[in-house]
Amino acid sequence: MNKVYVLRLGHRVSRDKRITTHVCLVARAFGASGCFITGDFDPGVIRTIDNVCKRWGGREFECTYVESWRSFLKDLRKNEQNIIVHLTMYGLNLPQVIDDIRAAYAAGRNIIIVVGSEKVPREVYELSNFNVAIGNQPHSEVAALAVFLDWLFEGKELSLRFSDANLVVIPQARGKKVVRVS
Ligand code: SAM
């Protein structure tokens with residue numbers, strides 16, 4: 001089955017630990033199958049996500065370090081099965097392009113969503129099939145990714161359940177209820 005992945009560009013151990021972790025958490029919670037991280041190698045982020053997957057489910061969700069974003073994107077681009085969607089405030093606004101991206105996904109193509117950290121190299125814009133803005137104002141890669149996945153999956157991701165979870169939330173109007181299921 002075709003899948004959705006996230007590529008996080010330019011991770012910096014000193015500055016991005018929290019935000020890269022949040023990119024990966026959003027990817028997992030909102031229906032992506034895995035995350036690729038470029039920039040500094042940071043086993044701490046990968047460990048944190050592995051722990052979340054062990055407790056809350058989604059052990060198949062993988063966070064992988066990629067040394068060269070350039071050759072990684074070039075290889076992805078060579079395969080017509082893949083569609084690269086770069087999220088950038090400079091791109092075409094989401095409502096203009098979402099139908100084409102959904103159609104590609106429905107036709108069985110993988111979607112690789114690219115998010116940046118600091119300045120994104122020009123080549124990323126060129127290697128991407130779509131440069132997509134979540135509104136044309138600057139905000140955050142975490143917000144951009146969440147909104148994009150929500151539009152792609154049309155809200156269905158909010159009902160996502162992980163069959164291999166140890167812990168499951170029982171939704172409450174007030175208070176917290178978590179049960180251990182395995
Ligand atoms: N000035 C940077 C650049 O050259 O792209 C933006 C840095 S921003 C803090 C980090 C990332 O958040 C961007 O690379 C992009 O993936 C995402 N982002 C921020 N605002 C966005 C928007 N309005 N639409 C889509 N993505 C956005």
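Select Ile19 first: helix α1 bends there by about 30 degrees, the bend being the angle between axes fitted to the seven residues ending at a residue and the seven starting there. This is a predicted model, in which local features need pLDDT of at least 70 and side-chain atom pairs count only at pLDDT 80 or more, while totals for chains, interfaces and linings use all residues. Residues are numbered from 1 along each chain as its sequence is written, and side-chain values use heavy atoms, with hydrogens and water left out.

Next, select residues 13-29, the 17 residues of α1, which reach 23 Å from first C-alpha to last, close to the 24 Å expected at 1.5 Å a residue (that is, 1.5 Å times one less than the number of residues). Helices here are DSSP runs of H or I with at least four residues, and strands are runs of E with at least two, numbered from the N terminus.

Now colour the buried residues of α1, which include Asp16, Thr20, Val23, Cys24 and Arg28; buried means under 20% relative accessible area, with a 1.4 Å probe and protein chains only. Among the elements that cover them are β1 (4-11), β2 (34-39) and α6 (141-153), where contact means heavy atoms within 4.5 Å.

From Cys24, move to the neighbouring cysteines. The sulfur of Cys35 lies 3.6 Å from that of Cys24, its closest cysteine sulfur, and the sulfur of Cys63 lies 3.4 Å from that of Cys24, both too far for a bond. The structure holds 0 disulfides, a disulfide being a pair of cysteine sulfur atoms within 2.5 Å. Cys35 is buried at 0% relative accessibility, and Cys63 is buried at 9%.

Finish at Gly31, which follows α1 and has a positive phi, near 100 degrees.

Notes
Buried means under 20% relative accessible area, exposed over 50%, partly exposed in between (1.4 Å probe, protein chains only).
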